[in-house]
Amino acid sequence: MQIPKLRVVSFAVKVTKPADVKKNNIFPANAQRDKPIIYAISLQYHPNYNVESKTKNLAIGMQSIVFCLSSFGQVPANQKNIKIFKCENELELLSRFFEAIEGFDPDILVCHDATMALDTIITRADHLNIKEKARMGRLGNNRLIPNIPNMKLRQMLVLAGRLLLDTYL
């Protein structure tokens, strides 16, 4: 029996509150000072990894993408196997993240403290009126996620068709 090849993408979300940042020119003037803002999201994936492979070094072939606000401090230049995309605002950052997830079409999403990360992503997407948050899932009928107060249920609807692996204990 042959094991199917699975596409795995791990992601991390970096968040801050504008009130916690000493430089006031980083965030838009209309940003709520006490609400979290996503300033970076990173993705890691291995485009050709085979679980049956004898290779133990996962770093070989690993690729990373970082979406970050261009106004948030010094952003390093692209490095080998790391692509950095500077985004003008949080709307662009989240839209690019959703496009990347849709493009990679992972079977499994891996995240540390996924409940908090997804809660933040979904809440900020709602706040910014981004309908594409459903690109995180695979089902075509989940394009419009209702404003359900139960975050676990909302996450299940947004991620429909994918497995979520949370490394938080």
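# A first look at the sheet, helices and salt bridges

Six strands form an open sheet in the order S4-S3-S2-S1-S5-S6, with mixed pairing. The edges of this sheet are strand S4 (82–87) and strand S6 (163–166), each of which pairs on one side only. Keep in mind as you explore that this is a predicted model. Helices H1 and H2 both lie across strands of the sheet, and a search of the whole structure finds six salt bridges.

- Strand S5 covers residues 108–111 and runs parallel to S6, to which four bridges join it.
- To find this pairing in the structure, look for Ile108, which stands opposite Leu163 in S6.

**Two helices across the sheet**

- Helix H1 takes in residues 90–104 and lies across strand S1 (8–16), strand S2 (37–45), strand S3 (63–69), S4 and S5.
- The direction of H1 is at about 20 degrees to S2.
- Helix H2, made of residues 114–127, lies across S1, S2, S5 and S6.
- Relative to S1, H2 runs at about 70 degrees.

**A closer look at H2**

- How far apart are the end C-alpha atoms of H2? They are 19 Å apart, which agrees with the 20 Å that its 14 residues should span at 1.5 Å a residue.
- The buried residues of H2 are Ala114, Ala117, Leu118, Thr120, Ile121, Ile122, Arg124 and Ala125.
- Strands S1, S2, S5 and S6 are among the elements that cover these buried residues, and so are H1 and helix H3 (151–158).
- Asn129 follows H2 and has a positive phi, near 60 degrees.

- Arg124 and Glu90 meet through their side chains in a salt bridge, at 2.6 Å from N to O.
- Because Arg124 lies in helix H2 and Glu90 in helix H1, this pair ties together parts that are 34 residues apart in sequence.
- Are these two residues buried or exposed? Both Arg124 and Glu90 are buried.

- Another salt bridge brings together the side chains of Glu92 and Arg96, at 3.2 Å from N to O.
- Glu92 and Arg96 are four residues apart in helix H1, so about one helical turn separates them.
- Glu92 is partly exposed, with a relative accessible area of 23%.
- Arg96 is also partly exposed, and its relative accessible area is 28%.

**A salt bridge between loops**

- The side chains of Arg162 and Asp105 form a salt bridge as well, at 3.1 Å from N to O.
- Arg162 is in the loop between H3 and S6, while Asp105 is in the loop between H1 and S5, so their pairing ties together parts that are 57 residues apart in sequence.
- Why does Arg162 count as buried? Its relative accessibility is 11%, and buried means under 20%.
- Asp105 counts as partly exposed, at 26% relative accessibility.
- Arg162 and Asp105 also belong to a network of salt bridges that links them with Arg7, Asp107 and Arg138.

Key. Residues are numbered from 1 along each chain as its sequence is written. This is a predicted model: local features need pLDDT of at least 70, side-chain atom pairs count only at pLDDT 80 or more; totals for chains, interfaces and linings use all residues. Side-chain values use heavy atoms; hydrogens and water are left out. Two strands pair if DSSP finds at least two bridges between them. Contact means heavy atoms within 4.5 Å. Axes are lines fitted to C-alpha atoms, for helices over the stretch in contact, and angles run from 0 to 180 degrees between N-to-C directions. The expected span of a helix is 1.5 Å times one less than its number of residues. Buried means under 20% relative accessible area, exposed over 50%, partly exposed in between (1.4 Å probe, protein chains only). A salt bridge is a side-chain nitrogen of Lys or Arg within 4 Å of a carboxyl oxygen of Asp or Glu.
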